[in-house]
Structures are given as structure tokens and as C-alpha cells.
Amino acid sequence: MARIPATAVAASGLVGGYAVARWTRKRPLGGVALAAAGTVAAREWTRDSGGKAAAALTAAYVAAFAGSHPLAKKVGAWPAVFSVAGAMAAASWAVGRNVRA
């Protein structure tokens with residue numbers, strides 16, 4: 001079975017979690033989607049980059065989620081979500097790339 005890169009899983013989890021919460025009007029359901037994607041991404045980060053990198057990237061994932069809220073007040077909800085998802089994808093890619101190099 002083909003693996004989905006942790007970079008894509010993390011970014012999709014941030015966007016998907018918000019989308020689920022917004023369209024179902026059930027924030028806890030969006031949180032479940034966010035947490036599920038974060039768990040899958042963390043497992044892949046551990047497998048690909050080791051425990052320390054996975055812990056740092058997991059902390060960045062949580063910080064991206066938290067940081068999207070104040071950012072949304074300045075730029076709007078969707079731009080904030082896409083911004084933090086892009087930043088998270090870049091961080092995941094950079095850490096994974098440096099570990100493999």
C-alpha cells in the first residue's frame with residue numbers, strides 16, 4: 001500500500017479539521033479529524049525522522065492549530081488555516097529532508 005507523506009497528512013489535517021468543524025457546525029468533530037491526522041503524521045515522523053524530530057513537529061502542529069485562531073482575526077479564517085497548513089507542511093518537509101540528508 002502506498003504511503004501518504006506526513007507533510008501532506010499534517011497540512012490536510014489542519015485544513016480538514018477546520019472544514020469538518022465549519023461545515024458540520026460541530027467543533028469537537030473537527031477536533032477529532034485534526035487529532036486523527038496529527039496522530040498519523042506523528043507516527044510517520046517518528047518512523048522517518050526519529051522521536052526528537054517527531055516531538056518537535058507534533059509541537060509545531062499543535063502550535064499551528066493554536067496560532068491559526070488569532071491569525072484568523074487579522075486575515076480571515078480560510079487564509080489563516082491555509083497559511084498555518086503551508087507553514088506546517090514546509091516545516092515537516094524541511095525536518096524530514098535534513099534528517100535524510
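Visitor: Before we start, what does exposed mean here?
Guide: A residue counts as exposed when its relative accessible area is over 50%, and as buried when that area is under 20%. The model is a predicted one.

Visitor: Then is Arg 25 buried or exposed?
Guide: Arg 25 has a relative accessible area of 76%, which is over 50%, so Arg 25 is exposed.

Visitor: Where is Arg 25?
Guide: Arg 25 lies in the loop between α1 (6-24) and α2.

Visitor: And what is its phi?
Guide: Phi of Arg 25 is near 60°, a positive value in a residue other than glycine. Most residues other than glycine have a negative phi.

Visitor: Moving on to Gly 30: buried or exposed?
Guide: Gly 30, found in helix α2, is buried, with a relative accessible area of 4%.

Visitor: Which residues does Gly 30 touch?
Guide: Leaving aside residues up to four places away in sequence, Gly 30 touches Gly 17, Val 20 and Ala 21.

Visitor: Now the helices. How do the axes of α2 and α3 cross?
Guide: The axes of helix α2 (residues 27-49) and helix α3 (residues 51-75) cross at roughly 155° and come within 8 Å. Because that angle is over 145, α2 is roughly antiparallel to α3.

Visitor: What is the handedness of the crossing?
Guide: The crossing of α2 past α3 is right-handed.

Visitor: Which residues meet there?
Guide: From α2 they include Leu 34, Trp 45 and Ser 49, and from α3 they include Leu 57, Tyr 61 and His 69. By class, the contact of α2 with α3 has nine nonpolar, five polar and one charged residues.

Conventions
Residues numbered from 1 in each chain as written. Predicted model: local features only at pLDDT ≥ 70, side-chain atom pairs only at ≥ 80, totals over all residues. Heavy atoms only, no water. Axes fitted to C-alpha atoms, helices over the stretch in contact; angles between N-to-C directions. Helix = DSSP H or I, 4+ residues; strand = E, 2+ residues; numbered from the N terminus. Parallel < 35°, antiparallel > 145°, perpendicular 65-115°, else oblique. Left-handed = near helix turned anticlockwise from the far one by under 90°. Contact = heavy atoms within 4.5 Å. Nonpolar A, V, L, I, M, F, W, Y, C, P; charged D, E, K, R; others polar. Buried < 20%, exposed > 50% of the residue type's maximum accessible area, 1.4 Å probe, protein only.
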